[in-house]
Amino acid sequence: MKKFKTVDAYIKSAPKAVRPKLVQMRNAIKSVAPKAVEKISYGMPYYGYNGRLVYFAFAKKHIGLYIPPPVILEHKSELKDYETAKATVRFPLNKKLPVALIKKLIKARVQKNEEKTV
């Protein structure tokens, strides 16, 4: 696995056709959580805000969004068209990225992280 120092470097390492979707993912996260700290963790883009917020990564056929539980479980009905696991949603590369849904998931995680600090 390559080691990246920045999210920009990570995105540049992706196949050219995937890069616009990674930029969309990054922009969606930053628009909902502008105060989140962006860095590379576990070899992928990571965003922290009052704790772990979200990671994302590209694979051969999808972009994975990794978000701490229970957000995915709470939005299971909205995610029925995607492959999911406890803390993972896989968005196929051959489909449009559901930016509004991604923002909704991130907002839910931001709210949970904010509740932890009260």
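**Strands, burial and rings**

Reply: Happy to! Let's start with a pair of residues: Tyr66 has Thr88 in E6 as its bridge partner. Before going on, please note that this is a predicted model, where local features need pLDDT of at least 70, side-chain atom pairs count only at pLDDT 80 or more, and totals for chains, interfaces and linings use all residues. Residues are numbered from 1 along each chain as its sequence is written, and side-chain values use heavy atoms, with hydrogens and water left out.

Me: What makes strand E4 and strand E6 a pair?

Reply: Two strands pair if DSSP finds at least two bridges between them. Strand E4 (residues 62–66) and strand E6 (residues 88–92) have 5 bridges in the antiparallel sense, so they pair. Strands themselves are DSSP runs of at least two residues (E), while helices (H or I) need at least four, and both are numbered from the N terminus.

Me: And what links E5 with E6?

Reply: Strand E5 (residues 83–85) pairs with E6 in the antiparallel sense over 3 bridges. Glu83 stands opposite Arg90 in E6, and E5 and E6 form a hairpin with 2 residues between them.

Me: Why is Arg109 called buried?

Reply: Buried means under 20% relative accessible area, exposed over 50%, and partly exposed in between (1.4 Å probe, protein chains only). Arg109 has 6%, so it is buried. Arg109 sits in helix H4 (residues 99–116).

Me: Which residues does Arg109 contact?

Reply: Contact means heavy atoms within 4.5 Å. Leaving aside neighbours within four places in sequence, Arg109 is in contact with residues including Arg52, Leu53 and Ile67. Arg109 and Arg52 are 57 residues apart in sequence, with 8.9 Å from C-alpha to C-alpha.

Me: How do you know that Tyr46 and Tyr55 form a tilted pair?

Reply: Rings of Phe, Tyr and Trp (its six-membered ring) pair if their centres lie within 6.5 Å; planes under 30 degrees apart count as stacked, over 60 as edge-to-face and the rest as tilted. By this rule the count comes to 6 aromatic pairs. Tyr46 and Tyr55 are 4.9 Å apart centre to centre, with 55° between the planes, so the pair is tilted. Tyr46, at 11% relative accessibility, is buried, and so is Tyr55 at 8%. Ser41 in strand E1 (residues 37–41) touches Tyr46 and Tyr55, not counting residues up to four places away in sequence.

Me: What makes the pair of Tyr82 and Phe91 edge-to-face?

Reply: The angle between their planes is 70°, with 5.0 Å centre to centre, so the pair counts as edge-to-face. Phe91 is buried, at 1% relative accessibility.
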